[in-house]
Amino acid sequence: MTVSQAATPEPEVVTKTAAPVKTVVERPSEFTVENKLTGRDLLKSVGFPKTIVAPMVDQSELAWRLISRKYGADLCYTPMFHARLFGEDKRYREDQFGPLDGDANVDRPLIVQFCANDPEELLKAAKYVVGRCDAVDLNLGCPQGIAKKGKYGAFLMEDWDLIYRLINILHTKLEIPVTAKIRIYETKEKTLEYAKMVLSAGAQFLTVHGRTREMKGQLTGLADWSYIRYVRDNLPPDTVIFANGNVLYSEDIDRSLEATKADAVMSAESNLYNPGVFNVNKPGIDDQFPRVDKLLREYFETAKSTPGNASQTSMKSHFFKVLQSFLPKHLNIRNAIGPIRKGQYDQFEDVVKQVEEIVEGIYEKVNKGELEDKVITLPDGYKSVPYWRCQPYFRVVNGVLSNGKRKADVDPEAAQRKKEAKLEKEKAAAALASLSSDGPQPTGDEAPEPSN
Ligand SMILES: Cc1cc2nc3c(=O)[nH]c(=O)nc-3n(C[C@H](O)[C@H](O)[C@H](O)COP(=O)(O)O)c2cc1C
């Protein structure tokens, strides 16, 4: 796709799940730095969002954004794209950002995120998405080994001069605004100094992920909202700040806003496991904790209507995440998903149908009063959600959950369920082994990705 094609009006295909048009940025006809949208005006142009889908590699692709918008997300970020590849490689660009991405009718407001370490490469890549998004974001938070090797993401934190130049080239030479997503430093003072530098370079929104670069994988731990609040309190009041981290339930969005005084809240993992987390204005159980059968069907139909590489690549992982609470009870489903390969829609359809049948059976029991379909708030504020409903995932590190609680304390039935799941797993493995020694096995796809 060329730059001019990228900026052409929206294609005719519009998916069934099309979200209502919210806002489209009014871009000045002639570009100068002075007439670019800044801070509050940019926030207004994207409809003063409150809930934001985080950039997520291979996960915040078009189909998932459409589902998320349907369940209350006000603003979405694309996955991080590699600027050099995006600028140079047509195939990569088209794989990552197809004709419906950024479509004015279904996929806005949208911020496209890049990782980069060369200002010219970043500018070249960003020019391809002008007219198809509301701003371009620079990833300054990725802590993974690959980012260290490639010197991007959080590994730019050692090179403020380069960060300044990356942001500033977009600020001064790109027609649309630039934004940035950062991690915190060990101290609040250094984090503030860093935030000031990023803003002075021209970033119009600042997303603060309240974890340090070291807090990843097993060390992820809790985000520290007090750092975000410190940054907020010590910057000019019109600075636009998004808070990221520690959202499990819809109520946490208001809690985060209250604690950090940020303008909006971004969530990644909780949105992936339960897009209903953004349904802050709809308190119904089906809105906030959608049934896995319904959500899976909606997602699958949407993904089929937005075909393309990104959609296909992400599908298996979305299946595992949507079904994370369901699979330990139905290992046959897990074993059915494991061997499915990218693009095998018929096999995915079979899984969706099986899940629908099982949940139908569950509701027969619910209707007879044999099972309870209720979300219960536990004394410590955590919730017990029926396993056939989407719900947050708790990362377990040495028996302790990512929320700092012991799993058994939060969920007294956990140990029993674990025992049952282990037994079922052993049974399923034995059955498989008796069929074939190289039969289907669960893959590692269900394992959560480390925090980026
Ligand atoms: C699957 C996955 C992919 C991610 N990819 C990106 C990414 O492309 N760019 C980025 O800035 N952060 C990325 N992150 C980090 C999230 O945007 C977010 O900062 C982090 O997960 C903390 O938010 P949470 O506590 O709501 O999960 C990713 C996180 C996850 C779970």
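This is a chat about the fold of one predicted model.

Reader: Hi! What kind of model is this, and how are residues numbered?
Author: Hello! It is a predicted model, where local features need pLDDT of at least 70, side-chain atom pairs count only at pLDDT 80 or more, and totals for chains, interfaces and linings use all residues. Residues are numbered from 1 along each chain as its sequence is written.

Reader: Which strands make the barrel, and in what order?
Author: There are 8 strands that close into a barrel, in the order β1-β2-β3-β4-β5-β6-β7-β8, and their pairing is parallel. On average, neighbouring strands of this sheet are turned by 25° against each other, direction ignored. Axes here are lines fitted to C-alpha atoms, for helices over the stretch in contact, and angles run from 0 to 180 degrees between N-to-C directions.

Reader: What do strands of a sheet pair through?
Author: Backbone hydrogen bonds, in either a parallel or an antiparallel arrangement. For two strands to count as paired, DSSP must find at least two bridges between them.

Reader: How many bridges join β2 to β3?
Author: Strand β2 (residues 75–82) and strand β3 (residues 110–115) run parallel and are joined by 5 bridges. Look for Tyr-77, which stands opposite Ile-111 in β3.

Reader: What about β6 and β7, how do they pair?
Author: Strand β6 (residues 203–209) pairs with β7 in the parallel sense, over 5 bridges. There, His-209 stands opposite Asn-244 in β7.

Reader: Is β7 enclosed or open, and why?
Author: β7 is largely enclosed by the rest of the structure, because 5 of its 5 residues are buried. Both faces are covered: Val-240, Phe-242 and Asn-244 are buried on one side, and Ile-241 and Ala-243 on the other.

Reader: Which helix lies across β7?
Author: Helix α11 (residues 250–260) lies across β1 (51–53), β7 (240–244) and β8 (264–267), and runs at about 125° to β8.

Reader: How far is Ile-182 from Thr-212?
Author: Their C-alpha atoms are separated by 9.3 Å, and the two residues are 30 residues apart along the chain.

Reader: Now helices! At what angle do α6 and α8 pack?
Author: Helix α6 (residues 119–127) and helix α8 (residues 160–173) pack at about 45°, with their axes 9 Å apart. They are therefore oblique to each other. Angles under 35 degrees count as roughly parallel, over 145 as roughly antiparallel, 65 to 115 as roughly perpendicular and the rest as oblique.

Reader: Which residues make that contact?
Author: Pro-119, Leu-122, Leu-123 and Ala-126 come from α6, and Arg-165, Leu-166, Ile-169, Leu-170 and Lys-173 from α8. By class, the contact of α6 with α8 has 7 nonpolar, no polar and 2 charged residues. Here Ala, Val, Leu, Ile, Met, Phe, Trp, Tyr, Cys and Pro count as nonpolar, Asp, Glu, Lys and Arg as charged, and the others, Gly among them, as polar.

Reader: And how do α9 and α10 cross?
Author: Helix α9 (residues 188–201) and helix α10 (residues 225–233) cross at roughly 50°, and their axes come within 9 Å.

Reader: Last one: where is the cis peptide bond?
Author: A cis peptide bond joins Arg-108 and Pro-109, with omega about -5°. Pro-109 is found in the loop between α5 (90–96) and β3.

Note on methods. Helix = DSSP H or I, 4+ residues; strand = E, 2+ residues; numbered from the N terminus. Contact = placed C-beta atoms within 7 Å. Buried ≥ 20, exposed ≤ 12 C-beta atoms within 10 Å, placed from the backbone.
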